[in-house]
Amino acid sequence: MKVHFIMGEGFDANVFLIEAEKPILIDTGTGWNTAKAVRTIEQHIDPKEIDSIILTHRHIDHVGGAAELSHVCQAQLYASIDEAPPLIHGDKATTGATMFSIPFDKLDVSILRYDDEVDLGDAKLKIIHTPGHTMGSISLYHEQTGSLFSGDTVFADGGVGRWDFETGSYRQLLASIEMLKDLGPRNLYPGHGPYVEKDATEHIKTSLKFLRYAEIL
Ligand SMILES: [Zn+2]
């Protein structure tokens, strides 16, 4: 399994290409940088080899590029049972599309079950329910390499996802990040900002410290 990082610019989310026997994409960005994402994918594989695109949660900076990327790759979109309905209905409010004035239409999304696995052929990613940023946010974990794809739940350098958007919860976010710390990941590939390799758990511990402090403020 090889991870290719397509960095989000500004508030655009990162996109990850997981190169494996059955390659996948994790998240799709706002849609502003889809051409760049496609060029990066093409440097490694034929985009049509991608059958599945996983959306970590409903927010427009992660799903805005989903329609075009699923078309280019001829791939199926997937989201959790709590995040798929607003995407299927084209909900412009809780996706944040209205707030950021980004066009958004109904998506054809299939449902991923919590605690299930994404099959990459020669590797598997565990689907972990990590609510708090949104109610149905997921993280994906590759146990053999300790690689965690955390969406907007936790970031490098002590960052955490916002919990004040609709369906967010401070308590749930805290519990989710505690759980991710207990996995003891080595590599952290978050939805925004840089990724870290080797000392991911230390970064998550810093995030927890910040988050607990935020409650006192
Ligand atoms: Zn988000």
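Modeller: Donors here are N, O and S atoms within 2.8 Å of the metal (3.2 Å for Na, K and Ca), and water is not among the atoms, so sites may look incomplete. The model is predicted, so that local features need pLDDT of at least 70 and side-chain atom pairs pLDDT 80 or more, while totals for chains, interfaces and linings use all residues. Residues are numbered from 1 along each chain as its sequence is written, and side-chain values use heavy atoms, with hydrogens and water left out.

Biologist: What makes His57, His59, His133 and Asp152 donors of the zinc ion?

Modeller: His57 (NE2), His59 (ND1), His133 (NE2) and Asp152 (OD) lie 2.1 to 2.4 Å from the zinc ion, which falls within the 2.8 Å limit. Along the chain, the donors follow the spacing H-x1-H-x73-H-x18-D.

Biologist: How do you know whether His57 and His59 are buried or exposed?

Modeller: Buried means under 20% relative accessible area and exposed over 50% (1.4 Å probe, protein chains only). His57 has 0% and His59 has 7%, so both are buried.
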